[in-house]
Amino acid sequence: MNNPMIPQERRYDLDWLRILAFAGLILFHTGMLYAESWGFHFKSHYLSSELESLMLIFSPWRMLLIWFVSGAASYFLFEKAKGWRQRGALSVNRSISLLLPLLTGLWLIVPVQLYAQMSQEAGLQMGYGEFFLAFLDLQHPLFSDYQSGVWPHVDVNHLWYLRTLWVYSLILILVAPLLTKWRMGAVLAGGFSRGFWPMVLLVVVLMATIRGHFSGDSIRELQGGVWFLFGFLLAGQVAFRDALVHKGPLLGGLFTLNLLLILAGYNGWLAADDADYMGVIRLAVYSLQQVLGVLLMLALAARWLNFDHPWRRPLNNAVYPSYLVHQSLIIGLAFVAADQGMSLVAELLLVIGGTLAGCVFVCWLGMKISWLKPFIGMKWQENSGRQVTLPALLATLLILPLAWEILV
């Protein structure tokens with residue numbers, strides 16, 4: 001009998017997909033500076049409606065792909081923690097690896113974005129040093145109109161993913177034994193293997209149901225949770241990977257046709273809002289693109305990216321710290337460019353080049369200063385979750401207030 005599980009070897013395709021997905025996220029957030037009608041914390045003077053059509057290629061599925069890869073990574077991580085004692089230690093290490101960088105981001109990285117946003121929206125007239133001192137005061141009247149956040153005016157911004165990933169990881173640690181016992185991964189993979197397109201349709205309906213019945217942040221978090229669970233259940237299933245590779249060409253064709261429909265209708269007939277049935281069509285088309293986009297990227301990666309390379313490890317290690325700082329670098333540099341009245345070309349060179357250089361610098365600091373690693377998301381200990389060390393206990397004390405605020 002064929003083993004339905006993928007052997008416990010390194011999934012290089014998922015590593016490359018993680019690298020590319022987060023690199024794409026950085027480019028997407030750069031594009032948000034210039035997208036004319038899409039809200040963002042700061043906007044360049046050079047706005048474009050045409051850029052939005054290009055960004056629509058990635059917008060429906062970009063974060064869902066990241067959630068799938070995160071779930072897959074959790075599968076391989078949790079496979080190393082079989083007993084409850086190991087899972088308890090894993091929950092501590094997982095909490096530190098997610099919440100300590102989030103804590104760093106909340107107090108030291110994200111404030112740059114709020115400074116630029118308030119300068120543009122509210123005409124803030126003060127230097128960043130004076131602003132940051134005010135930021136440390138949770139009761140400061142300067143932020144009376146900017147109270148949303150984990151603490152008053154201390155918001156997550158792009159780091160919402162870390163907050164939600166931590167919550168989902170804790171839930172998964174609790175339910176993973178039952179999912180394994182009930183062989184839910186094999187059941188789900190078998191569904192895709194025997195009836196690929198009916199399964200695709202079911203997932204499309206699920207995405208559309210979430211989008212149609214929820215609003216605001218609940219949509220992205222619930223849809224992300226679904227794909228996080230899919231990643232966990234399907235990462236080790238060879239039947240699912242084989243089905244993806246086999247259906248890859250057709251997935252690509254459908255993705256392209258549906259994308260053309262989205263682009264054609266963005267400012268046309270799909271944009272009409274004077275009939276209920278048009279809303280249903282828009283919802284169906286967008287939800288279909290969400291599912292097709294994720295599955296197509298997984299199929300392409302399984303077919304073409306399952307190989308190792310000397311750059312894979314350093315690039316993979318750079319993903320987390322780069323994600324942590326990239327949006328503040330993008331917005332901070334765009335703020336400087338706007339203040340200096342730069343041309344569009346000069347601004348793009350500063351924002352893109354400066355963001356890349358900043359990410360490289362942060363990663364270099366992490367490699368040179370060992371104690372900095374856990375604060376910027378770099379691997380901070382070799383242990384995979386089998387024991388809780390003294391540094392882990394000290395780090396736990398640091399993150400407890402943040403954990404409390406998130407959970408309650």
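**Helix packing and cores in a predicted model**

Good morning. Helices H3 and H7 are oblique to each other, a term for angles that are neither under 35 degrees (roughly parallel), nor over 145 (roughly antiparallel), nor 65 to 115 (roughly perpendicular). The model is predicted, so local features need pLDDT of at least 70 and side-chain atom pairs count only at pLDDT 80 or more, while totals for chains, interfaces and linings use all residues. Residues are numbered from 1 along each chain as its sequence is written, and side-chain values use heavy atoms, without hydrogens and water.

H3 packs against H7, residues 160-181, at an angle of about 40 degrees, with the axes 11 Å apart; axes are lines fitted to C-alpha atoms over the stretch in contact, and angles run from 0 to 180 degrees between N-to-C directions. Helices are DSSP runs (H or I, at least four residues), numbered from the N terminus. Contact, meaning heavy atoms within 4.5 Å, involves residues including Trp67 of H3 and Tyr161 of H7.

I turn now to the cores. A nonpolar core is a set of buried Ala, Val, Leu, Ile, Met, Phe, Trp, Tyr and Cys residues joined through side-chain atoms within 4.5 Å; buried means under 20% relative accessible area, with a 1.4 Å probe and protein chains only. The largest core has 104 residues, and Tyr161 and Trp227 have the most contacts inside it. Its largest share, 11 residues, comes from H3, residues 62-78. Among the residues that Trp227 touches are Leu64, Trp67 and Phe68.

Finally, Arg312 lies in helix H13, residues 312-340. Arg312 counts as buried, at 7% relative accessibility, and touches Arg10, Tyr12, Asp15, Trp16 and Ile19, leaving aside residues up to four places away in sequence.

How values were computed: Buried < 20%, exposed > 50% of the residue type's maximum accessible area, 1.4 Å probe, protein only. Helix = DSSP H or I, 4+ residues; strand = E, 2+ residues; numbered from the N terminus.
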